Amino acid sequence: MNLRIPGPTPCPPEVLQAMTQQMINHRGPEFAKLLEKTTANLQSFFQTKEDVLILTTAGSGGLESAVVNTLSPGDKVLAVTVGVFGDRFAQIAEAYGADVTRLKFTMGGAADPVEVRRALAADPSVKAVLLTQNETSTGVTNDMKALCSVIKEFDKLLLVDAVSGLAAIDLPVDAWNCDVVVAGSQKSWMIPPGLAMVSVSKKAWDAAAKAKMSRFYFDYGSAKKYLERGQTPFTPAVSLFYALDAALALMEQEGLASIFARHVKMGQYTRDGVRSLGLELFADPRYASNTVTAVKVPDGVDGKALTKVMREQFGIVLAGGQASLEGKIFRIGHLGYVSTKDIDDVMSALPHALRAAGSGRAEAVKTTGS
Ligand SMILES: *Cc1c(COP(=O)(O)O)cnc(C)c1O
């Protein structure tokens, strides 16, 4: 199977091999070593000198941890959202009693720093801003440098969902003043789902000291206390730590700059391929993501049937559209362990699948080589 969804992503053989290792005592010296090493390596990929915590949970658990550790019920929060994951972050904050204002932008577009500045200027009582680095549901990467600098102007606490972008798209966490940044193992990191990695700035620690939201499993204070003695508060997903260690070794070999460059190339390569088939991209081209590409389902084509044919006849797994975009777009993941060959296979299968899944306009879609 050519797994071309934006997570879980395929794992390199070295990572799969690493996970076959026998269990160890998670309170023993080998695990302490593993935790120290992976944590230190993660700091370099987060481009931070601040704390990084590794939580055994889904990406959304990481988002929840960011909220409950830094906020109190009733706190005013500005949730900047450009899609489904921006909405989810807002929902989590609401679920814990934050007073959330959504600043919503059109699906397929990016957040406008000017609008964010206006919203922050209009309401000085806002305590924290929720931001998505890379909106997986629409294939949009926000202009984080500009957005972070606006939020810095107002000195707000900045919580970032970087689950589908960190370690693939440049986000210098310290340089851009991000307070909590959440990454997820199954996206750019080439390892299976189950770990969330979060960076915590000094400002976030200060907020954590005063934050009153209920928390237990995700308590950063407790995670840090345990980290200092080489442990996690609860039993970690030990095999995923083996995987993380192996993946980080591969990533170190490649180098952060080369990883970013490879994703830039993969993004461009995918968008060029899509356009060469006569298909239309969904995202504003200025903000098109280099980890996931959203493509409009052409008129007369059944989006569900399209992904079904791709899977059943070509062994290629694409993602459909989420929420209001269901049936309107399909998405191609190109993050982590991916080569141009994986994308070539998608592009040569697509014309056939489009014809099989539709009628009318779909006939106009060009076949490769014609
Ligand atoms: C995948 C993803 C999440 C959620 O991750 P889960 O592991 O499914 O909880 C959150 N935000 C973004 C941007 C994502 O791509």
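First, a convention I need throughout: helices (H or I, at least four residues) and strands (E, at least two) are DSSP runs, numbered from the N terminus. With that in hand I placed D155, which lies in the loop between α6 (144-153) and β8 (157-161).

**Ground rules.** I am working with a predicted model, where local features need pLDDT of at least 70, side-chain atom pairs count only at pLDDT 80 or more, and totals for chains, interfaces and linings use all residues. Residues are numbered from 1 along each chain as its sequence is written, and side-chain values use heavy atoms, with hydrogens and water left out.

T136 has a polar side-chain atom 2.4 Å from an oxygen atom of the ligand. For D161, an N or O atom of the side chain is 2.6 Å from a nitrogen atom of the ligand. Q186 places a polar side-chain atom 2.8 Å from a ligand oxygen atom. How much of the ligand's area does the protein cover? I found 87% of the 380 Å² of accessible area that the ligand has on its own, by the Shrake-Rupley method with a 1.4 Å probe; for residues, only the protein chains shown count as cover.

Entry 1: I checked the span of α3: its 12 residues reach 17 Å from first C-alpha to last, close to the 16 Å expected at 1.5 Å a residue. That expected span is 1.5 Å times one less than the number of residues. For burial I use under 20% relative accessible area as buried, over 50% as exposed and in between as partly exposed (1.4 Å probe, protein chains only). On that scale 10 of the 12 residues of α3 are buried, so the helix is largely enclosed by the rest of the structure. Among them are G59, L63, V67 and V68.

I then moved to D75, in the loop between α3 and β3 (76-81). Is D75 buried or exposed? D75 is buried, at 16% relative accessible area. Counting contact as heavy atoms within 4.5 Å, and leaving out residues up to four places away in sequence, I have D75 touching A98, D99 and K127. A polar atom of the D75 side chain also lies 2.7 Å from the backbone nitrogen of S72.

**Entry 2: V126.** I found V126 in the loop between α5 (113-122) and β5 (128-132), buried with a relative accessible area of 8%. Beyond its neighbours within four places in sequence, V126 contacts K76, L78, L120 and K156. V126 and L78 are 48 residues apart in sequence, yet their C-alphas are 6.6 Å apart.

**Entry 3: α9.** Helix α9 (residues 238-254) has 17 residues and reaches 25 Å, close to the 24 Å expected. I count 12 of the 17 as buried, so α9 too is largely enclosed by the rest of the structure. Its buried residues pack against α1 (13-18), α2 (29-46), β2 (51-56), β10 (195-200) and α10 (256-276). After α9 comes G255, with a positive phi near 90 degrees.

Entry 4: I noted a cis peptide bond between G7 and P8, with omega about -5 degrees; P8 sits in the loop between β1 (2-4) and α1. Back at D155, phi is positive at about 55 degrees although the residue is not a glycine, and D155 is exposed at 52% relative accessibility. N177, also not a glycine, has a positive phi of about 60 degrees. I place N177 in the loop between β8 and β9 (180-184), partly exposed at 34%.

Technical notes:
Polar contact = N/O pair within 3.5 Å; in protein donor to acceptor, adjacent residues only side chain to side chain.
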